[in-house]
Amino acid sequence: MALISILAVIAMTAIAGTPANAGSPRVIASIAPLHSLVASVMADVGEPALLLSGPVSPHDFALAPSDVRRIAGADLVIWIGAPLESFLVKPLSGAGERQLGLLGMPALDALPYGSGGDDENRAGPDPHIWLDPVRAIAIVAALQDRLARIDPENAATYRANAVALSDRLARLDETIRTRLQPVASRPFIAFHDAYGYFSRRYGLQAAGHFAIDPQRRPGARTIARLAGLVRTGTVSCAFVEPQFDARIVEAIDADRLLRVGRLDPMGFDLEPGPALYETLLNANAEAIADCLGGVR
Ligand SMILES: [Zn+2]
C-alpha cells in the first residue's frame, strides 16, 4: 500500500506541469445505465457526462450540434454499439481508442434477438446487454481497462472501484435470481424486445413483445398473436415502459384479463449517477416478481 502511494506520487510528479494530463479525463457515456457503471468506476477521480439525459429512447435519437462538439472534445466516449446508438457511428468513426463500443467485445457474448416476435427486421445482435448484471461485470472490466490506459496515474483507483462494483453486481445477480425464481416459469409480454439477456439469465419466459423497437407500431399480425396469448390464458401479465403509450395494451386485452406492470430498461425515472444501475435492475426485478407473482 505504501509502495503504491509512493509510486502514485512519483507518477503524479512526473506529469506535473503537463496541462494535457491535468484533471480527470473527459468521459462521455451514451445511456444512463452505462453512465452509472462508468460513474462508479470513476469515483474519486471524476464524473462522466451522460449523452442521453432526457426521456428519449436511444432507438430514436439525433445528436444536437452541441452534442457533436462535446463528443469531439471527449477523451473517451463509451457506448453500446451501432444497433442501439446508430447516431454515434459517424461521429465516432476514426475515433480509435477515444471510443469504446461494448457490443463487439467477445467477453460480452452478444446474442441475436430471441424469438417471440413477428418483427421482420431482426438482423444484428440484441444491444440490450446492460440489463444482465453478469454481463455488466464484463462491462466493468472493460471500462477499468480502458480508463487505466487513457489515465494511468489513476489506474489503482479505477481497479479498486471496479473490484468493489463487481462484488456488488455479483450480489445483485444473486438477489434478483432469488426474487424471480418462484415466478420464472410464467410467460409474459413485454413492450419492446429489450429483455432477452435478462430473461435468459433468470430463466424467464418472454412470450412476446409489441415491437422490437419502441418507435415501430405493432402490426396487425403481432396484435392478433398477442391477443391470442391473452385470450387463451397463456399470458396473464404484460409490461409497459415509460417511453410508450400504455394504451396499446388495450388492443390485445379486450376482456381486461391482463395484469399490467411497468419495466424501465433505461432508467428514465431515475436520477443519473452511480446508484442508478442497481436501483434500475432491482426495480425491474421487483416489477416482474409482482406482476407474475400476482397471477391467479
Ligand atoms: Zn431497446
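The model is predicted: local features need pLDDT of at least 70 and side-chain atom pairs count only at pLDDT 80 or more, whereas totals for chains, interfaces and linings use all residues. Residues are numbered from 1 along each chain as its sequence is written, and side-chain values use heavy atoms, with hydrogens and water left out.

Helix α8 spans residues 220-231; helices (H or I, at least four residues) and strands (E, at least two) are DSSP runs numbered from the N terminus. Its 12 residues reach 16 Å from the first C-alpha to the last, close to the 16 Å expected at 1.5 Å a residue, where the expected span is 1.5 Å times one less than the number of residues. Among the buried residues of α8 are Thr 222, Ile 223 and Leu 226; buried means under 20% relative accessible area, exposed over 50% and partly exposed in between (1.4 Å probe, protein chains only). The buried residues of α8 pack against β5 (188-192) and β6 (206-211), contact meaning heavy atoms within 4.5 Å.

## Zinc site

His 59, His 128 and His 192 coordinate the zinc ion through NE2 at 2.0 Å. Donors are N, O and S atoms within 2.8 Å of the metal (3.2 Å for Na, K and Ca); water is not among the atoms, so sites may look incomplete. The donor spacing in sequence is H-x68-H-x63-H. His 128 lies in the loop between β4 (99-101) and α5 (133-150) and His 192 in strand β5, so this pair ties together parts 64 residues apart in sequence. Both His 128 and His 192 are buried.

## Parallel sheet

Four strands form an open sheet in the order β2-β1-β3-β4, with parallel pairing; two strands pair if DSSP finds at least two bridges between them. The edge strands, β2 (49-50) and β4, each pair on one side only. Strands β1 (residues 27-29) and β3 (residues 76-79) are joined by three bridges, and Val 27 stands opposite Leu 76 in β3.
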